[in-house]
Amino acid sequence: MKFVEMKIYRMKLPLAQSFSNSQTTLTYRRFDLVRLTTTTGEVGWGETVAFETPWYTSETVTTCHDALVNYIWPLIRNKEIADPKALNLILNKLKGHHMARSAVETSFWGIYAEKNKQPLYRLLGSDNAAVAVGISLGMNNLEDLMQEVQAAVEKGYTRVKIKIKPGWDILPVQTIRQSYPHLKLMVDANGAYDLADVDVFKALDAYDLEMIEQPLGDDDFINHAKLQRIIRTKICLDENIHSIEDVKVAHQLGSARAINLKWARVGGLFNALEIIQYCQKHGLLVWCGGMFESGVGRSYNLALASLEGLDFPGDISESSRYWSEDIVEQPQKLVEGRLLIPKISGAGFNISKKRVEKYSEKIESFI
Ligand code: OSB
Ligand code: MG
């Protein structure tokens with residue numbers, strides 16, 4: 001197939017509730033929604049998941065836009081592209097810009113699934129249309145946090161992750177554990193600590209956590225390996241992992257025993273599938289993370305999370321946890337702790353044109 005048009009909608013979606021972690025506080029989500037059209041009229045949708053400032057990765061909303069318009073569109077425009085592998089080879093000409101390229105890559109998968117008259121999750125190799133999911137809770141005072149945990153458990157989320165930072169770590173974990181001794185519980189520091197904080201991790205080791213996500217710096221494999229040798233709890237890497245090469249380094253050095261996989265951080269679903277294979281072969285736990293995506297991005301998360309071997313409940317909560325109005329027609333709802341993937345061919349969602357228009361700040365077209 002050949003792409004004839006790329007439309008970019010600059011979106012600003014208000015969050016239903018604000019979210020804080022060790023690095024930032026989010027009250028809305030600004031991102032680019034990408035709409036690709038082929039010569040034969042098929043349409044695919046993707047989104048760039050980078051944030052406005054580089055607190056999570058070096059990519060931002062504006063670097064994604066720049067890469068899409070100036071590097072990626074010229075690479076793919078009017079070019080015959082047979083399948084996701086062929087697209088990946090083209091996009092590999094670009095260094096970095098993983099979040100920008102994966103907006104295009106996921107759109108392509110949606111069109112490709114539609115062409116093959118299959119739901120995307122089936123095309124990726126899954127038969128599993130119901131996915132058990134977890135929730136990631138931001139920072140809050142203890143009382144509100146405990147209420148959020150209770151609400152999450154009552155709703156049926158099968159795993160809870162809380163954000164931690166120095167001064168907000170042992171107490172919330174201890175408090176949650178007292179009331180929920182068997183809950184699948186984990187923490188995510190978004191890199192807020194260094195190895196000098198080892199005593200915090202030794203203390204956290206006593207609470208039977210599923211894992212500790214990204215305790216140390218985002219490019220630090222060596223100290224994560226040192227820490228993993230000291231504590232029993234699995235270390236999970238998030239910010240460190242941009243490619244399968246990073247996964248190999250983490251595995252060979254012993255920096256992690258689990259990987260938070262986000263297709264956008266690794267340059268798309270094609271690369272994500274390779275990483276899953278590697279993790280399964282080498283006994284690394286791999287699970288699907290989230291980026292506060294709209295219903296568009298989270299449909300791709302769900303398709304990925306439905307794959308065999310990704311059964312650890314990921315950060316894919318129901319739509320209403322993020323948005324009071326999502327931009328897809330049938331926002332995902334939790335049913336007994338699981339999200340159901342629509343058995344329709346293509347990417348698994350229908351765009352709400354009305355709400356895209358309502359929340360878009362600017363629309364551009366490239367031909
Ligand atoms: O560190 O996993 C993270 C959200 C935005 C950026 C980074 C992270 C997160 C989350 C929440 O933890 C994931 C979600 O619910 O989409
Ligand atoms: Mg994380």
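Let's start at a single spot: glutamine 214 sits in the loop that links β8 (212–213) to α8 (222–230). Keep in mind that you're looking at a predicted model. Is this glutamine buried or exposed? Glutamine 214 is buried, because 25 other C-beta atoms lie within 10 Å and 20 or more is enough to count as buried. Most residues other than glycine have a negative phi.

Now hop over to lysine 117, in the loop between α3 and α4 (120–123). Lysine 117 isn't a glycine either, yet its phi is positive, at about 55°. Its surroundings tell another story: lysine 117 counts as exposed because it has 10 C-beta neighbours inside 10 Å, and 12 or fewer makes a residue exposed.

Time to zoom out. The protein chain splits into domain 1 (3–118 + 350–366) and domain 2 (122–340), and their centres, taken over C-alpha atoms, are 23 Å apart. Where the two meet, 36 residues of domain 1 are in contact with 35 residues of domain 2. Which element gives the largest share of domain 1's side? That's α3, with 8 residues. By class, this side of domain 1 has 16 nonpolar, 14 polar and 6 charged residues.

Next, the inside. In soluble globular proteins, nonpolar side chains tend to be buried together. Here, the largest nonpolar core has 108 residues, and Val34, Val187, Ile259, Val286, Leu304 and Leu310 have the most contacts inside it. Our helix α3 turns up again, giving the most to this core with 9 residues. Both domains take part, as the core draws at least three residues from each of domain 1 (3–118 + 350–366) and domain 2 (122–340). For a close-up, pick valine 187: leaving aside neighbours within four places in sequence, its contacts include Ile162, Ile164, Val173 and Leu204.

Last, a label from a record: an unreviewed UniProt entry annotates residues 142–234 as "domain: Mandelate racemase/muconate lactonizing enzyme C-terminal". Over residues 142–234, the chain is 43% helix and 11% strand, with the end C-alpha atoms 25 Å apart.

Definitions and conventions. Residues are numbered from 1 along each chain as its sequence is written. Chains are lettered from A and ligands numbered from 1 in the order in which they are written. This is a predicted model: local features need pLDDT of at least 70, side-chain atom pairs count only at pLDDT 80 or more; totals for chains, interfaces and linings use all residues. Domain bounds come from an automatic or database domain assignment. Two residues are in contact if their C-beta atoms, placed from the backbone, lie within 7 Å. Helices (H or I, at least four residues) and strands (E, at least two) are DSSP runs, numbered from the N terminus. Ala, Val, Leu, Ile, Met, Phe, Trp, Tyr, Cys and Pro count as nonpolar, Asp, Glu, Lys and Arg as charged, and the others, Gly among them, as polar. UniProt positions are given in the numbering used here, feature names are shortened, and annotations may be inferred rather than shown by experiment. A nonpolar core is a set of buried Ala, Val, Leu, Ile, Met, Phe, Trp, Tyr and Cys residues joined through C-beta atoms within 7 Å.
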